[in-house]
Amino acid sequence: MKSLFDTVSFECSKNVTKSYSTSFSSAVKMLAPSIRQDIYNIYGFVRFADEIVDSFHDYNKEELFDLFEKDLQAALQSKISLNPILNSYQHTVHKYQIPNELIDAFMKSMKLDLVKLEYKTKEEYNEYIYGSADVVGLMCLKVFVNGNEEKYEELKHSAMRLGSAFQKVNFLRDLKADFEDLSRTYFPNTDLTKLDETSKNEIIREIEADFEAGYQGIVGLPLEAKFGVYTAYIYYKKLLSKLKKTPSTEIKNTRIRVSDYQKYGLFAKCYFSYKLNII
């Protein structure tokens, strides 16, 4: 009967993905069915951890996160959890032998969000990005290469850079919410109350370099993963383009988004690029 519980758990992870991110969910649908569920399982896990530190303001976040971490360790050890999201995640971890050091680095960065409000040095910033974004890209890469360690090592750097690009775009898009609602400042040596075009463009150049490095890895991905990852890449590139055109004063006061109409156009463009073998 464990198989039935696993099926229910997988459906929970899929629903979390669809409920919390329509854009990412759409990109996951472009992956081959054989790997789609495992990406849902990874996303469900990282989303729940992120929600604890970002959203549950009326509860003791530290206690909730400690409990979540203990349940995670128990799930990884026992290969089962009564938390459906953790049950799904442990399944994918064991199936693809996702290393503990990636999971530990992710949890470390999430813990920082409980206590750290400002990143003053590039080293602190890079360490946080590695744990919160790069390792998630590496977890997904483990699924994409399906045990091919040579391919994993070949694409590892690009997967990390693409994860960094996605995270930094999110930071830039969510400046207002992070600063006003959570009192957080991720970009080092940047006074968000005085963000100007020079500071904004410096951040954008850094993200564009990450995207360029990340794209090199997309080209080398297995066919099962290439279309889905390319779709996510194009979506975030479009979001960065809109941020680039938005005055710094407006970025601080609103949340830039890609409309549903634009998303449909992007997905169609991605499909034709993929079918024409342009990627």
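Over the ring of which residue does the charged end of K116 sit? I opened the notebook with that one, and the ring turned out to belong to Y119, with the charged end of K116 5.3 Å from its centre. A reminder to myself before going on: this is a predicted model.

**Entry 1: rings and charges**

I stayed with Y119 and looked for a ring partner. The structure holds 18 aromatic pairs. Y119 and Y128 form one of them, a tilted pair with 5.2 Å centre to centre and 50° between the planes. I checked burial too, and both Y119 and Y128 are buried.

Next I looked up F171 and F187. Their rings pair edge-to-face, at 6.1 Å centre to centre and 85° between the planes. The angle puts them in that class because planes over 60 degrees apart count as edge-to-face. This pair links distant parts of the chain: F171 belongs to helix α8 (residues 149–173), while F187 is in the loop between α9 (175–181) and α10 (197–219), 16 residues apart. Are F171 and F187 buried or exposed? F171 has 5% relative accessibility, so it counts as buried. F187 also comes out at 5% and is therefore buried.

I also noted an aromatic cluster made up of F166, F211, Y215, Y230, Y233, Y235 and Y236. Another lysine turned up over a ring: K142 lies over the face of Y152, at 4.2 Å from the ring centre.

**Entry 2: helix α5**

I wanted to know whether the length of α5 makes sense. The helix covers residues 84–96, which is 13 residues, so at 1.5 Å a residue it should span 18 Å. Its end C-alpha atoms are 19 Å apart, and I am happy to write that this agrees.

Then I looked at the ends. N83 caps the N-terminal end of α5, with a side-chain oxygen 2.9 Å from the backbone nitrogen of I85. After α5 comes Q97, which has a positive phi, near 55°.

Which residues of α5 are buried? My list reads I85, L86, N87, S88, Y89, Q90, T92, V93 and Y96. I also asked what covers them, and the cover includes α1 (2–20), α3 (33–55), α4 (61–78), α6 (100–115) and α7 (122–145).

**Entry 3: the core**

The largest nonpolar core has 78 residues. Those with the most contacts inside it are F45, I103, F106, F144 and F211. Beyond its neighbours within four places in sequence, I103 is in contact with F45, L72, L76, Y89, V93, I98 and M139. Two of these names, Y89 and V93, I had already written down among the buried residues of α5.

A225 is found in helix α11 (residues 223–245). Its relative accessible area is 0%, so A225 is buried. Leaving aside neighbours within four places in sequence, A225 touches L31, I35 and F144, and F144 is one of the residues with the most contacts inside the largest core. I also took a distance to E101, which is 124 residues from A225 along the chain: their C-alpha atoms are separated by 24 Å.

S164 has its place in helix α8. I found a relative accessible area of 6% for S164, which means that it is buried, since the cut-off is under 20%. What does S164 contact, leaving aside its neighbours within four places in sequence? I wrote down I129, A133, D134 and D210.

Key:
Residues are numbered from 1 along each chain as its sequence is written. This is a predicted model: local features need pLDDT of at least 70, side-chain atom pairs count only at pLDDT 80 or more; totals for chains, interfaces and linings use all residues. Side-chain values use heavy atoms; hydrogens and water are left out. Helices (H or I, at least four residues) and strands (E, at least two) are DSSP runs, numbered from the N terminus. The expected span of a helix is 1.5 Å times one less than its number of residues. Buried means under 20% relative accessible area, exposed over 50%, partly exposed in between (1.4 Å probe, protein chains only). Contact means heavy atoms within 4.5 Å. A polar contact is a pair of N or O atoms within 3.5 Å; within protein, one must be able to donate a hydrogen and the other to accept it, and residues adjacent in sequence count only if both atoms are side-chain atoms. Rings of Phe, Tyr and Trp (its six-membered ring) pair if their centres lie within 6.5 Å; planes under 30 degrees apart count as stacked, over 60 as edge-to-face and the rest as tilted. A charge sits over a ring if NZ of Lys or CZ of Arg is within 6 Å of the ring centre and within 35 degrees of the ring normal. A nonpolar core is a set of buried Ala, Val, Leu, Ile, Met, Phe, Trp, Tyr and Cys residues joined through side-chain atoms within 4.5 Å.
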